[in-house]
Amino acid sequence: MRVFLSYRRSDVGGHAGRLSDELVRQLGPRDVFHDVSTIAPGEHFPAAIERALADSEVVLAVIGPTWLTSATADGTPRLLQPGDYVRMELGRALALGRTVTPVLVGGASLPSEGDLPEELRPLALRQAVTLHDESWHEDVAGLLRRLRGQPAGPARRTRRPAVAAAVAAAVVIALAAIGGVAWWPGIGDTDGGDAVATLPPCTAPDADAWTALSLAGGAAGEITVENG
């Protein structure tokens, strides 16, 4: 999948560069067209743009807060000028039938049809994607999944029933080991008095990992061991 980045430098130059870096990392440099890093010095700019659009499958229209209102020195909106490169790129991409996806950054909103030149009005009807600074990598990963026809979010992993049952059983065993002595018949009287331990002695385990605890009048014991 070859991706073409269309953007206005005065609007989202930094965001476009960041997006380009992430796309190159995911797709490789040969499949990402970013004018400042792809077009060689001295190369004919219009011809390079035309070739890149012809070779691309997806065009990402990166739209920031001033994408629509950016104007020339005399106050004319750049997007309304026939020679504006953003207008030419997107108009050509739509005419070629490329997948043109609006990518909103910096809190921008998708322009309405009435705000766009006639050849760009289909852009307002395209499903947009929003990239947030605080979740940039996750949002770009979701964008790539959608462009590949995959679900926008990663599949949620669930525990297998056998594993969940084993974990539950381990918890029950641990709780029984800690508090199960309180259930033993003969511990405590029925009159609400102090509990008296009447457990029979048992053979101490031989394993080094076991620590012997001496129980006094109550069914509890405490000992300090190395490392906790």
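This is a predicted model: local features need pLDDT of at least 70, side-chain atom pairs count only at pLDDT 80 or more; totals for chains, interfaces and linings use all residues.
Me: Turning to helices, how is a packed pair described?
Reply: Two packed helices are described by the angle between their axes and by the distance between those axes.

Me: What are those values for H3 and H4?
Reply: The axes of helix H3 (residues 45-55) and helix H4 (residues 85-95) come within 10 Å and cross at roughly 30°. Angles under 35 degrees count as roughly parallel, so H3 is roughly parallel to H4. The crossing of H3 and H4 is right-handed.

Me: Which residues make that contact?
Reply: From H3 they are Phe45, Pro46, Ile49, Glu50 and Leu53, while H4 contributes Tyr85, Glu89, Arg92 and Ala93. Sorted by class, the contact of H3 with H4 has 6 nonpolar, no polar and 3 charged residues.

Me: Which residues of H4 are buried?
Reply: Val86, Arg87, Glu89, Leu90, Gly91, Ala93 and Leu94 are the buried residues of H4. These buried residues pack against strand E1 (3-6), H3, E3 and E4.

Me: What follows H4?
Reply: Gly97 follows H4, and the phi of Gly97 is positive, near 80°.

Me: Now H1 and H5: at what angle do their axes cross?
Reply: The axes of helix H1 (residues 9-27) and helix H5 (residues 136-147) cross at roughly 60° and come within 11 Å. H1 and H5 are therefore oblique to each other. H1 passes H5 in a right-handed crossing.

Me: Which residues are in that contact?
Reply: On the H1 side they are His15, Arg18, Leu19, Glu22, Leu23, Gln26 and Leu27, and on the H5 side Trp136, His137, Val140 and Leu144. By class, the contact of H1 with H5 has 6 nonpolar, 3 polar and 2 charged residues.

Me: One more topic: where is Leu123 found?
Reply: Leu123 is found in the loop between E4 and E5.

Me: Does Leu123 count as buried or exposed, and why?
Reply: Leu123 counts as buried, because its relative accessibility is 1%.

Me: What is Leu123 in contact with?
Reply: Leaving aside neighbours within four places in sequence, Leu123 is in contact with Ala61, Ile63, Trp67, Leu90, Leu94, Val100, Pro102, Leu110 and Leu116. The C-alpha atoms of Leu123 and Leu110 are separated by 8.8 Å, and these two residues lie 13 residues apart along the chain.

Technical notes
Residues are numbered from 1 along each chain as its sequence is written. Side-chain values use heavy atoms; hydrogens and water are left out. Axes are lines fitted to C-alpha atoms, for helices over the stretch in contact, and angles run from 0 to 180 degrees between N-to-C directions. Helices (H or I, at least four residues) and strands (E, at least two) are DSSP runs, numbered from the N terminus. Angles under 35 degrees count as roughly parallel, over 145 as roughly antiparallel, 65 to 115 as roughly perpendicular and the rest as oblique. A crossing is left-handed if the near helix is turned anticlockwise from the far one by less than a right angle, and right-handed if clockwise. Contact means heavy atoms within 4.5 Å. Ala, Val, Leu, Ile, Met, Phe, Trp, Tyr, Cys and Pro count as nonpolar, Asp, Glu, Lys and Arg as charged, and the others, Gly among them, as polar. Buried means under 20% relative accessible area, exposed over 50%, partly exposed in between (1.4 Å probe, protein chains only).
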